[in-house]
Amino acid sequence: MLLISTVSWTQEQVKDSILPVNLSEVILIGKPTQVHQKQAKPLASLDEYLQQSGRIDMIKRGGYAWEPMINNMATERTIVTIDGMRIFGACTDKMDPVTSYVEISNLSEATISSGQEGSCHGPTIGGSLDLKRLRSTYSELGLSGSLSSGFEFNNKQRIIGGMVHYKDSSFYADANVTYRKADNYKAGNSQEIKYSQFQKWNASVISGYQFQNKLIEGSVIFDEANDVGYPALPMDISLARALITSFKYEVAPKSGLLNHWENKLYYNTITHFMDDSKRPNVPIRMDMPGWSDTYGYYSKGKTKKDKHHLLFNVNGFYNRSIAEMTMYPSDPDENAMFMYTWPDVRTLYNGIYLEDEIEFSCHNSLKINGSFGFHQNKVANEFGLESLQIFYPEMADQQNRFLKSISLQYKHQVKDWFFSVCSGYGERAPSVTEGYAFYIFNSFDLFDYIGNPNLSNEKSVEGNFDIRYKTEKIKTGITFSAFYLPDYIIGIPDDNLIPMTIGASGVKIYEQLSFANLIHSSFQCDYRFNDYYSWNTKLQYSYGKDAEKRNLPFISPLQYQSQIQYKKNRFQTELNVIGNATQTNYSPFYGENRTPDYAILNLSVGYTFKWYSQKLLVNAGVENLFDTYYSTFTDWNNIPRMGRNIYINLNFSL
Amino acid sequence: MVLIPITQIKFTMKLYKIFFLFALALITSCSSDDDSTPVNELDGIIKVKEFTNDTHIIELYTSTGTTQQGYNEISLRIKDKTTNNYIQNATIEWMPMMHMTMMNHSCPYSTVEKETDKETLYKGYIVFQMPQNESEYWDLKIDYSINETNYTVTDVIDVPATEKRVVSSFMGTDNVRYIVALIDPKNPKVALNDMTVGVYKMENMMNFPVVNNYTLKIDPRMPSMGNHGSPNNLDLTQSASDEFYHGKVSLTMTGYWKINLQLLNASNEVLKGEVVTETTESSSIFFEIEF
């Protein structure tokens, strides 16, 4: 017990002594006690949790596996880690973002960092999302457990899960299983959205042992989804499977140079089978399996010397991404048509991140952080290399680059006001798709995409501004982030090329625009009327244009969210309105059309029953109360969202 | 005090090495090299058949062990029936002949030359522009002289039709009959493939000389994939060294490809073939590749 607190104490200690203005946003997910009192729908999917953030928007291709965007930047420009581990989806069509391979029962919180604030775990432009594993280091000694179950009437989603925790003075173990199965959902006006069903089960174990001031911990997550439909895409998946493992060694030296030192080795493997066997009418039958394996490590240390809070993180990974496409001609005597859409690309990255937060006084501090890393791509498959050499005859099988970043953040406090100004520079390497795609069809703009191995680093120059005001009654703030992105990577049509996919409009090659600009701003206000009533409002607006003054895709129009909450003893209820203004700055050049405005209303109630040590938490609610038919700017091909949905969540803890 | 960062550095260095080794192992395991077998006279060729006369047995070889419609590279060697030795100093000429019901005609063929680096083998090619059928057949007459003594042998040669079109015979707008025969790629890959074609004209029933300074335009398409086409193809032009026409054909996936052709003369006038468009899905002359 004492040792656990040593480890956690050192973690917190560094954080706490600094000004409590943190640009990172934390979404609590599975932290026992706290979260169940806070969330109106505890068994919501991770995707639903994440979209509460003012910085995150989720691109939806169906009812499952939404793709998170940070500051309106999607997977290529952001990094998503699980406890610092890098994982890469295995689908060329981004049907399996990293967040689709975990369950809320695996996690305690999600930390969203904007821009270079998020470069601790690797190079990024838009920011980072770090998902923290749930471990019972905070819970009480002994054995405990809980069972949860939920049902959603709209798509008949059945959720069942269980957790077991054990903890003694030097050892802890947590295990959990969750199963979800949903049928097609119905959009507003009871319109059934075909191919929106999914089924997923997830199991995870995490266990640690503490001795002296050291901790060793092993973690395994196994996640498998089957029969997942993607109504916005021409294909579905028959299997998406992930095994995510790690081993951690942590020390909290009582004296010496470091206060805290954490080392991790990890391995994860993803198998993803895209197929179209459930679709009755397709121009040609095809299979598109993909695999992604990642081996990685990091070593992270913290120390405090006088006014300096220092942190370093040496990290690296080796990833293998391979994806195939086999098409079956209608004439059975004809040979199948085969190609590698990702030609077995091996990515090796090794980098170091350094951070120093200088505390001038209790009211102001300056944080400097920077990173430097070596990034290498290698096409390991001869077949795939020769395929790409059709487009790039001089192409070598290997591309090396260095990635740099630096950022400076000044924080200042005057009474109840907190200010933070930050500027930064960062670089990223092209993603596997951007560098090596071979006729990957994008159903959004109907173009086949070809990668470009000659791309240079995409850069980012960013500025952030943050003001917050906080008293007992009111908590409010605005954030403003602007990004100037030289060498912005995006697909540009090449009229000389003939598309491969039947029905495609053309072929796009990943090229670099001289620059693009992105601005993300948000406003938040929490107000407590009294002990029982509170009101919370969020506004969000973004702007994005490329060098040719064309709008960028997936840029948020004005979004708003407002909720009134009443909480008394064991009862809570919440009324919530969510909406968008009309998306006027849409991007026809990048395949987007105008999305009209919408507003929906949600209502929920929750009550906790208690008998001795047992607790039963009941949450029920209605989402989209008026059964509005709508889609938002992040809905792929304007796929409509869920209509009225009544849900009930039960959690019984022992 | 200072020990912690050092161990940490060592630790990461070690990791780096492990990853490096791992990467290296993966890379090396992917490449194979076993083309270092000793040189043998019959390496890579299989016997098609033997022609026999009173004095000699003439063995015909091709890389597949068969002859067929289209371009055939044929190696042969002459065995003395009495000594069982292979003749190394013969001069050989050949003449393929199609025996049709109404008439006879020959086809494009090369001279027969001693193969360099080989002791007993002679080599040439024949382009059978049409296959045999029940009543019509090809034979091959081989005239050879050894130490100024002339010999001859003639026998039927098997020329079945190919599954895919690898040779095309057509009348140009200049009223000349042309024959184009696909030579390479023999083993097509998803890549930018070297393409070789022989282009001949029919001077008369017996003479089919190579035509010079023409251009053969290509447009590879996949009819099963909505007539998908490939980029960066290089039209075929004649090389000075071997008189064949050389270019590049890019195939973006495995499967069935139709290589649409257009033959242009030295003044760039189209003699035969059409440009593929939305409405014209295929040229009237083409080759087929399936792999």
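Me: In which sense do strand β4 (residues 90–99) and strand β8 (residues 137–146) of chain B pair, parallel or antiparallel?
Reply: This is a predicted model, in which local features need pLDDT of at least 70 and side-chain atom pairs count only at pLDDT 80 or more, while totals for chains, interfaces and linings use all residues. Residues are numbered from 1 along each chain as its sequence is written, and chains are lettered from A and ligands numbered from 1 in the order in which they are written. Helices (H or I, at least four residues) and strands (E, at least two) are DSSP runs numbered from the N terminus, and two strands pair if DSSP finds at least two bridges between them. For β4(B) and β8(B) there are ten bridges, and the sense of the pairing is antiparallel.

Me: Which element gives the largest share of the side of chain B that touches chain A?
Reply: Counting two residues as in contact if their C-beta atoms, placed from the backbone, lie within 7 Å, 34 residues of chain B touch 37 residues of chain A. Two elements give two or more residues to the side of chain B that touches chain A, namely α1 (3–30) and β14 (228–229) of chain B. The largest share, 13 residues, comes from α1(B).

Me: How many residues of the side of chain B that touches chain A are charged?
Reply: Ala, Val, Leu, Ile, Met, Phe, Trp, Tyr, Cys and Pro count as nonpolar, Asp, Glu, Lys and Arg as charged, and the others, Gly among them, as polar. On that side of chain B, 20 residues are nonpolar and twelve are polar, and the number of charged residues is two.

Me: Over which residues of chain B does pLDDT stay under 50?
Reply: pLDDT is the predictor's confidence in each residue, from 0 to 100, and chain B averages 87, with 87% of the residues scoring at least 70. One stretch under 50 has eleven contacts beyond four places in sequence, namely residues 1–12. Another has three such contacts, namely residues 24–38.

Me: Why does the radius of gyration of chain A agree with a compact globule?
Reply: The radius of gyration is taken over C-alpha atoms, and the globule rule is 2.2 Å times the number of residues to the power 0.38. Because chain A has 654 residues, a compact globule would be near 26 Å, and this agrees with the radius of gyration of chain A, 24 Å.

Me: In chain A, which residue in the turn between β8(A) and β9(A) has a positive phi?
Reply: Strand β8 (residues 142–152) of chain A pairs with β9(A) in the antiparallel sense over eleven bridges, and Leu143(A) has Tyr166(A) as its bridge partner. The two strands form a hairpin with four residues between them, and the residue with a phi of about 55° is Lys156(A).

Me: Which residue of chain A stands opposite Lys167(A) in β10(A)?
Reply: Strand β10 (residues 171–182) of chain A pairs with β9(A) in the antiparallel sense over ten bridges, and a hairpin joins the two through three residues. Opposite Lys167(A) stands Tyr172(A).
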